[in-house]
Each structure stands twice: as C-alpha cells, then as structure tokens.
Amino acid sequence: MGSKDAEVMKEGIIMKKLMTLALAAAMMLGATTGANAIDFKAKGQWIMSFDYGMHGTFGQGKAANNSGFKNEDQFEARQRVRLQLDAVASEALSGTVFFEIGDQVWGQDKTGGALGADNNSVVELKRAYIDWMVPQTDLKVRMGIQGLALPAFTTNASQILDDDVAAITLNYQFNENVALTAFWARPYNDNYGYVGQNDKPNNNYMDNMDMFAVLLPLTFDGVKVTPWVMYAALGPGMFDHEGHGNWGSYGSAWTRASRGLTSGFVGGDKLDSYGNAFWAGVTGEVTYWDPFRIAWDVNYGSVSYEDEKMNREGWLASLLLEYKLDWGTPGLYGWYGSGDDNNPKNGSERMPVVSANGNNDFSNFAFNGNPYIARECALGSTMVGTWGIGARLKDVSFLEDLKHTLRVNFMGGTNAPKMAKYVGYNDLTAGKRGMNAEYLHMGADAFDPIYLTTEDYALEVGLTNTYKMYDNFTVMLDAAYIAMWLDDSRSTWGKNAMYGFSGNKGGTYDAWNVNLSFVYSF
C-alpha cells in the first residue's frame, strides 16, 4: 500500500469518527431537548377604536374649548396591539412576557400613527414575570412586573390598587375553603432622590415606595369573603417637597403618587423621613340565593407624613344588588366615600389611592370603566370623595350574540363647600405651592376625581352594545352622557373657579362621547 493510499484511509477513518461524534452529539441534543421541552403559548389582542364627543371644559386638564377631550379633536381614531407569550416548562414552572404597542393615534407622529408609521416609541413592556412552585408544596410564587389588584366584588376593580407593578406574590391554598395571598411590591424607586442637608441632592436616595399586603380569601357554599390589609412606606425623595421648582417637574412618579397618596396641600414642615400608609378592607359576595346576588366592598386607608397637611385618611364603601334573569341582569348599586372637612390644615379626609386602573363596572365614562381604549375618566379614575346611586340592566339579550347594558348614575361630592376656595386655581403658582404655611391651596395634581362638594351633583346615562361577530371578533358601540351642576353661590364656586374649568365659576356642564371599537382576540 502506497503512502498516498494510507493517507486516504487515515482521512476516511477520521471522517467516520467525526461523523460518529456528530451523530452522538445530535442524539444527545435531541434527548436533552425532549427532556426539557418548553411549550410556547401565544395570546394577543388587536383593538381599533373610534371616538366622537364634546366635553372640552369638563374637568382637569381638558381642552380650553368645548369640543375635545384632553386637547384632542372631537373625533379621534386610535389602535392598540397586545401580545403575550407564555413559556411553560411544567405546571410548576413558566414564564410570561407581555408587550403592548400603542395607543397609536391615527395621524399622530409621536405615537407612530402618522404617514410612514415608523415611530417605535410606542412599544412597551407591560408585564414580564415567572411563575414557579416551591418543590413538594402547593406554594405558588410569581416574580416580576405583573398585574396586581386588591379584591373588589361590586365594581370589579379596586379603587385603591389595580395596575401593573413590580412585585413578588405568594399564594397558598390550604383547602377548598381557605387560601392566603401575600405580596411585596415596589411602585416607585430611583426616580429622583432625597434632598438632605444644605439642600444637596442625594440622587435616588430615599425615593422608594414599598408595599406589603396579606389577603385571606374565604370560600363557602354561596358565600365569598376576602379580608385584607396593606402597609406602604413612602420615601421623602418621592416628592419634590423642598421647594426646588414646580411640583411634578420630576416626572410621573410624583404626579401619580400625589394624586392619590397626599392631601394636595402643603405646609412648612420639611420631609426627611419615610411616610407611612395603611389600608384594610372586607369585600365579598353572597350567591346562596341564586339567581339573587349581593356584593359589597368596604375599604379604609390612611397615610401620614411629617408635614401633617399632606396627610390623607378616609374610607369608601359600595353595595350591589342584582337578580339574573334569562334575558338579562337588572341591578341596583350605590357607594359613599368620605370627603374633606372645612379645615385644610389637618390634611384630607379622602381615602388614599395608589393606582386604580381597572375597569369599573359602575361606569364606562365617568370613571375608568371602558374595557378597551375609549375616552373615559371624565370625572376621574376613582370614586373617592363622592357618593352615588345607580341602576343598570346588564347583558340584556334578545338576539343571539348581541348584548346591551344600560346604566343610569346620579352622584355628588362629599367634600365641604368651604374647600372650594382652597382648590380654586387662582394663586396656584409654583412659589405659592411651596413652604409658606399661609398658602394652603390644593395643587392641580390632587384633582382625581374632579373635586365635588356636597353642593355639587352629576347625572350619567350610558348604553353599551356588544356584538360577537365571530368567536374571536367583537364589535362594541358605547355611548354616554354626563350633566354636572356646580354650585355657583359665593360660599362655593361663585368666586372660586375650579382648576381645569377654564375660569368658569359654577353652573351646568355637560359631556358626551360615542365610541366604536373592533376587537380581535386570540
């Protein structure tokens, strides 16, 4: 055998070995992949929404003319896309990522709706978390940015906390009757920082908010009751409380927190320690006499600071009675929330709120109730500081796949009329919102909902029509009208214009909106 033949034979042996190793590696990789197979599940939703309405001067931050809404046109078209991907390894381990694209206003460049549609600033990470179970136990753990809500059986949306937030949630089911849920959440951190001695800023220092809660869901035959408690520590660095520029100038952390977690008033005390917030509630429903249903929510909250004028403490209770028939569900409901007394120096008597971003079943327009992206919150995102009674016919259906819900709400404020002179927009300059105790006017960020006194009233009528065209395609036509009467006497709004009403002093205001939404879900 020549040297050339020997070399060829050697190369052949080497190639066989390489092929054998490659085949073995492929078999091992296949076995590994099979043993750790991940099941990917996708969910999504496309929403196309069209609004037409007139309510420009109706409330805080609205347009200066009587045509649009939040400086929008009478007619607006927008869309939103949500995509959720679940990576499921087993019943004990999975991960979820949830993206939201939009709201894209048709024709608007900054949201990606203008010609070319190549603006990428509207893509958001809505949720991202992992679910896992502690081995050999039934303890479930969720870690990451997730949807978190306190229980609500009447409105179906908590008026204290219902939003996406970074958190760790623990859930344990003791038996069919008793469960336990606990969580730690961090809504705010590293957004500004505490200004300490010599007015020197300490970036991202003591500007965190941490919440801790325990819920005890109890389920029995025809009865569900969930008592719960929650505590929160609020760092002084969350608030631009040292007189450095305009309140709210450091972004949404202050703006959102101030609307629900402070009174809206300030004094001369300097913040240099953590504030303390506490909430407790008992919510539940009785379906024992089905088809008759009774539901209730009773919530209390308080938050205290070194500056006592920023303190806030109050309660909110609601009751729902409904009877399910073959053709629909008629119901009666009401709510009452404590309101401010006539002394701003002792803080606010309205219940503190973290973020109420759920869909309020009592109203699609006055409050945050529309399930899609229609115009809403004409009176505010919550019902604190108000009272109301309502009647509705829910899910009335005479034709297959077509449902109607009619709502009529009459509501008013629970705040003292004397407070009108403190929440008037006059003299609310940056300098007069600062440390001088003489100026106790309420800042604009505190108007959520619109500030109504015991002399102010509103009436809302709404009709929601939902047609299930296909299994995954829904068309909704929603129409609503609100009339509001503000007391124009000198003791209330007669000489104190409410912020956001373009200088109007009392009188009658109205707002209406018609929304048409097309929703494809899979």
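Strands β13 and β14 run antiparallel and are joined by 11 bridges. The model shown here is predicted. Strand β13 is largely enclosed by the rest of the structure, because nine of its 12 residues are buried.

**Strand β13 and its partners**

- Strand β13 spans residues 275-286, and β14 spans 292-304.
- A hairpin of five residues leads from β13 to β14.
- Within this pairing, threonine 283 has aspartate 297 of β14 as its bridge partner.
- Strand β12, residues 223-234, also pairs with β13; the two run antiparallel and 12 bridges join them.
- In that pairing, alanine 232 stands opposite alanine 277 of β13.

**Valine 141**

- Valine 141 belongs to strand β5, which covers residues 140-149.
- The relative accessible area of valine 141 is 5%, under the 20% cut-off, so this residue counts as buried.
- Apart from neighbours within four places in sequence, valine 141 is in contact with Ile130, Asp131, Trp132, Val134, Ile168, Thr169 and Leu170.
- One of these contacts, aspartate 131, is 10 residues away along the chain, and its C-alpha atom is separated from that of valine 141 by 5.7 Å.

**Cis peptide bonds**

- Most peptide bonds are trans.
- The bond from glycine 102 to aspartate 103 is cis, with omega near 15°.
- Aspartate 103 lies in strand β3, residues 93-105.
- Another cis peptide bond joins aspartate 290 and proline 291, with omega about 20°.
- Proline 291 sits in the loop between β13 and β14.

- Most residues other than glycine have a negative phi.
- Cysteine 377 is not a glycine, yet its phi is positive, at about 60°.
- The loop that holds cysteine 377 runs between β17 (355-356) and β18 (386-399).
- Cysteine 377 has a relative accessible area of 17%, which is under 20%, and therefore counts as buried.
- Aspartate 401 also has a positive phi, about 70°, although it is not a glycine.
- Aspartate 401 is in the loop between β18 and β19, the latter covering residues 402-413.
- With a relative accessible area of 38%, aspartate 401 is partly exposed, because this value lies between the 20% and 50% cut-offs.

Terms used:
Residues are numbered from 1 along each chain as its sequence is written. This is a predicted model: local features need pLDDT of at least 70, side-chain atom pairs count only at pLDDT 80 or more; totals for chains, interfaces and linings use all residues. Side-chain values use heavy atoms; hydrogens and water are left out. Helices (H or I, at least four residues) and strands (E, at least two) are DSSP runs, numbered from the N terminus. Buried means under 20% relative accessible area, exposed over 50%, partly exposed in between (1.4 Å probe, protein chains only). Contact means heavy atoms within 4.5 Å. Two strands pair if DSSP finds at least two bridges between them.
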